[in-house]
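Hello,

Here is the structure for you to look over. My notes follow below it.

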Amino acid sequence: MVHRIAHLSDVHLVETRKTTGILTRLAQTTVSYDRPIEVEPRRQKLRAALAHVKDRADHVVVSGDLTEVGSEAEYESFAEILHDSGISPDTVTLVPGNHDVYVDAAGWKKACEGPLSAFRGGAAGEHGRVVERGSVVFFPMDSTRDQFFLRSGGAVAIEAVTRIMDTLRGASMRHKTVVVAMHHPPGLRSKNPVWQWFDGLVGCGKLLELLGLHPRVHVLHGHRHTLLDRIAIAGKNRVFGATATVDDAVGAPRVRFYGLDDGVLVPA
Ligand SMILES: [Fe+2]
Ligand SMILES: [Fe+2]
(Lines give C-alpha, C1' and ligand atoms only; values in the text may rest on other atoms or scores of the structure.)
(Ligands and ions follow the chains in the order given, each with its own letter.)
Protein backbone atom coordinates (compact mmCIF):
# COMPACT_ATOMS: atom_id res chain seq x y z
CA MET A 1 0.00 0.00 0.00
CA VAL A 2 1.11 3.53 -0.71
CA HIS A 3 0.60 5.93 2.19
CA ARG A 4 3.37 8.39 1.56
CA ILE A 5 4.84 9.54 -1.75
CA ALA A 6 8.21 11.26 -2.14
CA HIS A 7 8.77 13.64 -5.03
CA LEU A 8 12.10 14.91 -6.29
CA SER A 9 12.98 16.43 -9.61
CA ASP A 10 15.51 18.05 -11.89
CA VAL A 11 18.62 16.20 -10.83
CA HIS A 12 20.56 17.35 -13.90
CA LEU A 13 23.29 14.75 -13.42
CA VAL A 14 26.25 15.60 -15.58
CA GLU A 15 29.05 13.28 -16.70
CA THR A 16 32.14 14.47 -18.52
CA ARG A 17 34.41 11.44 -18.03
CA LYS A 18 33.27 9.51 -21.09
CA THR A 19 32.05 12.51 -23.02
CA THR A 20 33.96 12.98 -26.19
CA GLY A 21 31.43 14.29 -28.70
CA ILE A 22 31.56 17.99 -29.54
CA LEU A 23 27.76 18.25 -29.57
CA THR A 24 27.49 16.80 -26.07
CA ARG A 25 30.15 19.15 -24.71
CA LEU A 26 28.58 22.15 -26.41
CA ALA A 27 25.15 21.19 -25.09
CA GLN A 28 26.48 20.69 -21.55
CA THR A 29 28.25 24.04 -21.57
CA THR A 30 25.25 25.85 -23.01
CA VAL A 31 22.52 24.44 -20.79
CA SER A 32 24.72 24.66 -17.67
CA TYR A 33 25.42 28.34 -18.28
CA ASP A 34 24.08 29.34 -14.85
CA ARG A 35 25.53 26.51 -12.76
CA PRO A 36 28.98 24.95 -12.62
CA ILE A 37 29.54 21.63 -14.39
CA GLU A 38 30.53 19.77 -11.25
CA VAL A 39 30.16 16.05 -11.66
CA GLU A 40 30.63 14.76 -8.12
CA PRO A 41 28.57 17.38 -6.21
CA ARG A 42 25.57 16.66 -8.44
CA ARG A 43 25.99 12.93 -7.82
CA GLN A 44 26.19 13.57 -4.07
CA LYS A 45 22.94 15.57 -4.17
CA LEU A 46 21.10 12.69 -5.82
CA ARG A 47 22.56 10.18 -3.37
CA ALA A 48 21.49 12.37 -0.45
CA ALA A 49 17.95 12.82 -1.81
CA LEU A 50 17.50 9.08 -2.35
CA ALA A 51 18.93 8.23 1.08
CA HIS A 52 16.51 10.74 2.58
CA VAL A 53 13.43 9.18 0.97
CA LYS A 54 14.39 5.52 1.26
CA ASP A 55 12.67 4.74 4.58
CA ARG A 56 10.34 7.72 4.61
CA ALA A 57 8.11 6.96 1.63
CA ASP A 58 6.38 3.99 0.00
CA HIS A 59 6.83 5.37 -3.48
CA VAL A 60 9.23 7.79 -5.15
CA VAL A 61 8.52 10.00 -8.17
CA VAL A 62 11.41 11.64 -10.02
CA SER A 63 9.85 14.13 -12.41
CA GLY A 64 12.42 14.57 -15.13
CA ASP A 65 15.60 16.34 -16.11
CA LEU A 66 17.37 13.36 -14.59
CA THR A 67 20.43 14.27 -16.65
CA GLU A 68 21.95 17.45 -18.04
CA VAL A 69 21.84 16.58 -21.74
CA GLY A 70 20.77 12.94 -21.90
CA SER A 71 24.12 11.46 -22.90
CA GLU A 72 24.71 7.74 -22.46
CA ALA A 73 27.29 8.39 -19.72
CA GLU A 74 24.90 10.65 -17.81
CA TYR A 75 22.16 8.02 -17.89
CA GLU A 76 24.64 5.40 -16.72
CA SER A 77 25.63 7.64 -13.84
CA PHE A 78 21.99 8.24 -12.86
CA ALA A 79 21.16 4.53 -13.05
CA GLU A 80 24.21 3.57 -11.00
CA ILE A 81 23.19 5.87 -8.13
CA LEU A 82 19.57 4.77 -8.31
CA HIS A 83 20.60 1.10 -8.13
CA ASP A 84 23.02 1.80 -5.28
CA SER A 85 20.26 3.51 -3.28
CA GLY A 86 18.67 0.10 -2.68
CA ILE A 87 15.20 1.51 -3.40
CA SER A 88 13.05 -1.17 -4.99
CA PRO A 89 12.39 -0.46 -8.69
CA ASP A 90 8.72 -1.36 -8.12
CA THR A 91 8.37 1.73 -5.97
CA VAL A 92 9.94 4.22 -8.38
CA THR A 93 8.29 6.33 -11.09
CA LEU A 94 10.61 7.99 -13.61
CA VAL A 95 9.79 10.40 -16.40
CA PRO A 96 12.10 12.25 -18.80
CA GLY A 97 12.51 16.01 -19.00
CA ASN A 98 13.56 18.24 -21.86
CA HIS A 99 17.23 17.90 -20.85
CA ASP A 100 17.05 14.11 -21.08
CA VAL A 101 16.63 14.12 -24.84
CA TYR A 102 18.87 17.01 -25.90
CA VAL A 103 21.75 15.10 -27.51
CA ASP A 104 19.70 12.12 -28.62
CA ALA A 105 15.95 12.23 -29.23
CA ALA A 106 15.88 8.48 -28.54
CA GLY A 107 18.05 8.82 -25.42
CA TRP A 108 15.23 8.15 -22.97
CA LYS A 109 14.06 5.06 -24.84
CA LYS A 110 17.62 3.73 -25.03
CA ALA A 111 18.16 4.39 -21.31
CA CYS A 112 14.97 2.48 -20.46
CA GLU A 113 16.21 -0.45 -22.52
CA GLY A 114 19.74 -0.12 -21.13
CA PRO A 115 20.97 1.21 -17.78
CA LEU A 116 17.47 1.98 -16.44
CA SER A 117 15.88 -1.29 -17.62
CA ALA A 118 15.20 -2.45 -14.05
CA PHE A 119 13.05 0.67 -13.59
CA ARG A 120 11.31 0.44 -16.93
CA GLY A 121 8.05 -0.91 -15.48
CA GLY A 122 7.53 2.37 -13.64
CA ALA A 123 8.97 4.68 -16.26
CA ALA A 124 7.19 6.70 -18.91
CA GLY A 125 6.73 4.74 -22.13
CA GLU A 126 5.84 5.89 -25.60
CA HIS A 127 2.08 6.18 -25.11
CA GLY A 128 1.95 6.38 -21.36
CA ARG A 129 2.00 3.60 -18.79
CA VAL A 130 -0.33 2.49 -16.04
CA VAL A 131 1.27 1.47 -12.74
CA GLU A 132 -1.16 0.25 -10.10
CA ARG A 133 0.04 0.19 -6.55
CA GLY A 134 -2.92 -0.71 -4.35
CA SER A 135 -5.16 2.30 -3.91
CA VAL A 136 -2.87 4.57 -5.94
CA VAL A 137 -2.44 4.43 -9.70
CA PHE A 138 0.50 6.20 -11.33
CA PHE A 139 0.58 7.38 -14.91
CA PRO A 140 4.17 8.28 -15.83
CA MET A 141 3.97 10.50 -18.90
CA ASP A 142 6.63 11.65 -21.35
CA SER A 143 6.14 15.36 -22.11
CA THR A 144 9.38 15.79 -24.07
CA ARG A 145 9.70 16.57 -27.76
CA ASP A 146 12.50 16.43 -30.26
CA GLN A 147 14.03 19.90 -30.21
CA PHE A 148 17.34 21.75 -30.27
CA PHE A 149 18.88 22.26 -26.84
CA LEU A 150 18.12 25.98 -26.83
CA ARG A 151 14.42 25.18 -26.48
CA SER A 152 12.95 23.73 -23.31
CA GLY A 153 9.26 23.25 -24.00
CA GLY A 154 7.17 20.13 -24.03
CA ALA A 155 4.15 18.47 -25.57
CA VAL A 156 1.44 16.25 -24.17
CA ALA A 157 0.66 13.27 -26.40
CA ILE A 158 -3.07 12.95 -26.86
CA GLU A 159 -2.67 9.14 -26.91
CA ALA A 160 -1.28 9.22 -23.37
CA VAL A 161 -4.16 11.32 -22.02
CA THR A 162 -6.70 9.16 -23.87
CA ARG A 163 -5.16 6.11 -22.27
CA ILE A 164 -5.50 7.67 -18.82
CA MET A 165 -9.12 8.60 -19.50
CA ASP A 166 -9.95 5.11 -20.78
CA THR A 167 -8.28 3.49 -17.78
CA LEU A 168 -10.16 5.70 -15.34
CA ARG A 169 -13.51 4.69 -16.83
CA GLY A 170 -13.08 1.25 -15.25
CA ALA A 171 -15.28 0.76 -12.20
CA SER A 172 -12.29 -0.35 -10.12
CA MET A 173 -10.66 3.04 -10.70
CA ARG A 174 -13.42 5.13 -9.18
CA HIS A 175 -11.93 5.18 -5.71
CA LYS A 176 -8.28 5.23 -6.69
CA THR A 177 -5.88 8.06 -6.07
CA VAL A 178 -4.50 9.05 -9.47
CA VAL A 179 -1.02 10.49 -9.89
CA VAL A 180 0.11 11.71 -13.30
CA ALA A 181 3.89 12.20 -13.23
CA MET A 182 5.31 14.45 -15.91
CA HIS A 183 8.10 16.94 -16.33
CA HIS A 184 6.47 20.09 -17.68
CA PRO A 185 3.87 21.97 -15.63
CA PRO A 186 0.42 21.83 -17.24
CA GLY A 187 -1.66 25.00 -17.40
CA LEU A 188 1.12 27.55 -16.96
CA ARG A 189 1.19 29.79 -19.97
CA SER A 190 3.62 32.64 -20.44
CA LYS A 191 2.18 35.96 -21.56
CA ASN A 192 5.27 36.38 -23.70
CA PRO A 193 4.64 34.43 -26.94
CA VAL A 194 8.34 34.06 -27.64
CA TRP A 195 9.00 32.52 -24.23
CA GLN A 196 5.90 30.37 -24.63
CA TRP A 197 7.39 29.07 -27.89
CA PHE A 198 10.71 28.32 -26.20
CA ASP A 199 9.46 26.87 -22.94
CA GLY A 200 5.73 26.27 -23.07
CA LEU A 201 3.82 23.00 -22.88
CA VAL A 202 1.46 22.37 -25.75
CA GLY A 203 -1.52 20.05 -25.91
CA CYS A 204 -2.37 19.95 -22.21
CA GLY A 205 -6.05 20.98 -22.55
CA LYS A 206 -7.41 17.45 -22.21
CA LEU A 207 -5.17 16.77 -19.28
CA LEU A 208 -6.50 19.82 -17.46
CA GLU A 209 -10.02 18.67 -18.31
CA LEU A 210 -9.23 15.37 -16.65
CA LEU A 211 -8.57 17.15 -13.35
CA GLY A 212 -12.19 18.21 -13.30
CA LEU A 213 -13.58 14.82 -14.32
CA HIS A 214 -12.08 12.48 -11.75
CA PRO A 215 -12.26 13.39 -8.06
CA ARG A 216 -8.74 12.29 -7.19
CA VAL A 217 -6.45 13.17 -10.08
CA HIS A 218 -3.13 14.89 -9.32
CA VAL A 219 -0.13 15.99 -11.34
CA LEU A 220 3.41 15.91 -9.99
CA HIS A 221 5.84 17.84 -12.16
CA GLY A 222 9.24 19.49 -12.26
CA HIS A 223 10.89 21.85 -14.75
CA ARG A 224 10.28 25.11 -12.88
CA HIS A 225 12.83 24.23 -10.16
CA THR A 226 10.53 25.71 -7.53
CA LEU A 227 7.72 24.66 -5.21
CA LEU A 228 4.37 25.16 -6.89
CA ASP A 229 0.95 24.15 -5.55
CA ARG A 230 -1.86 24.93 -7.98
CA ILE A 231 -5.31 24.19 -9.35
CA ALA A 232 -7.54 23.63 -6.34
CA ILE A 233 -10.50 21.31 -6.72
CA ALA A 234 -12.88 20.94 -3.79
CA GLY A 235 -10.55 23.17 -1.81
CA LYS A 236 -7.39 21.09 -2.32
CA ASN A 237 -4.54 21.69 -4.73
CA ARG A 238 -4.01 18.96 -7.34
CA VAL A 239 -0.92 20.07 -9.26
CA PHE A 240 2.41 20.11 -7.46
CA GLY A 241 5.86 21.18 -8.60
CA ALA A 242 9.09 20.28 -6.83
CA THR A 243 12.37 22.08 -6.35
CA ALA A 244 15.46 20.92 -8.26
CA THR A 245 17.82 18.45 -6.65
CA VAL A 246 20.65 20.09 -8.60
CA ASP A 247 19.97 23.30 -6.66
CA ASP A 248 20.12 21.60 -3.23
CA ALA A 249 23.00 22.35 -0.91
CA VAL A 250 25.28 19.30 -0.68
CA GLY A 251 24.04 17.18 2.24
CA ALA A 252 20.75 19.07 2.56
CA PRO A 253 18.23 17.36 0.27
CA ARG A 254 14.87 19.01 -0.34
CA VAL A 255 12.28 16.42 -1.19
CA ARG A 256 8.52 16.84 -1.24
CA PHE A 257 6.39 14.32 0.63
CA TYR A 258 2.68 13.82 0.23
CA GLY A 259 0.31 12.00 2.52
CA LEU A 260 -3.20 10.87 1.59
CA ASP A 261 -6.35 12.38 3.00
CA ASP A 262 -9.45 10.59 1.77
CA GLY A 263 -7.53 9.68 -1.38
CA VAL A 264 -6.34 13.22 -2.06
CA LEU A 265 -2.62 14.08 -1.92
CA VAL A 266 -1.70 16.52 0.81
CA PRO A 267 1.84 17.91 0.94
CA ALA A 268 3.48 17.00 4.23
FE1 LIG B 1 15.38 21.29 -14.97
FE1 LIG C 1 13.11 21.02 -17.66
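**What turned up**

His-99 sits in the loop between β3 (92-95) and α4 (107-113). Helices (H or I, at least four residues) and strands (E, at least two) are DSSP runs, numbered from the N terminus. At 9% relative accessibility, His-99 is buried. Buried means under 20% relative accessible area, exposed over 50%, partly exposed in between (1.4 Å probe, protein chains only). Leaving aside neighbours within four places in sequence, His-99 is in contact (heavy atoms within 4.5 Å) with His-12, Val-31, Arg-35, Asp-65, Thr-67, Glu-68, Val-69 and Gly-70.

Before going on, the ground rules. This is a predicted model, where local features need pLDDT of at least 70, side-chain atom pairs count only at pLDDT 80 or more, and totals for chains, interfaces and linings use all residues. Residues are numbered from 1 along each chain as its sequence is written, chains are lettered from A and ligands numbered from 1 in the order in which they are written, and side-chain values use heavy atoms, with hydrogens and water left out.

Most residues other than glycine have a negative phi. His-12, from the contact list of His-99, has a positive phi of about 50 degrees. His-12 lies in the loop between β1 (4-8) and α1. Its relative accessible area is 0%, so it is buried. His-223 also has a positive phi, of about 80 degrees. Its loop runs between β9 (217-221) and β10 (228-233). His-223 is buried too, at 11%.

**The chain as a whole**

There are seven helices and 13 strands. Along the principal axes, the C-alpha atoms fill a box of roughly 50 × 45 × 30 Å. Of the 268 residues, 55% are buried. Among contacts between residues at least 6 apart in sequence, 74% join residues at least 24 apart.

**Cores**

In soluble globular proteins, nonpolar side chains tend to be buried together. A nonpolar core here is a set of buried Ala, Val, Leu, Ile, Met, Phe, Trp, Tyr and Cys residues joined through side-chain atoms within 4.5 Å. The largest has 43 residues. Ile-5, Leu-8, Phe-78, Leu-94, Trp-108 and Leu-116 have the most contacts inside it. Helix α3 (residues 72-84) gives the largest share, five residues. Apart from this core lies another, of 21 residues, including Val-161, Ile-164, Leu-211 and Val-217.

Which residues does Leu-8 touch, leaving aside neighbours within four places in sequence? Leu-46, Ala-49, Val-53, Val-60, Val-61, Val-62, Ser-63, Thr-245 and Val-255 are its contacts.

**Two more positions**

Gly-154 is in strand β6 (residues 154-155). It is buried, with a relative accessible area of 0%. Beyond four places in sequence, Gly-154 is in contact with Ser-143, Arg-145, His-184, Gly-200, Leu-201 and Val-202. Its C-alpha atom is 22 Å from that of Leu-26, 128 residues apart along the chain.

Tyr-33 is exposed, at 68% relative accessible area. It is in the loop between α1 (22-31) and α2 (39-54). The C-alpha atoms of Tyr-33 and Gly-200 are separated by 20 Å.

Best regards
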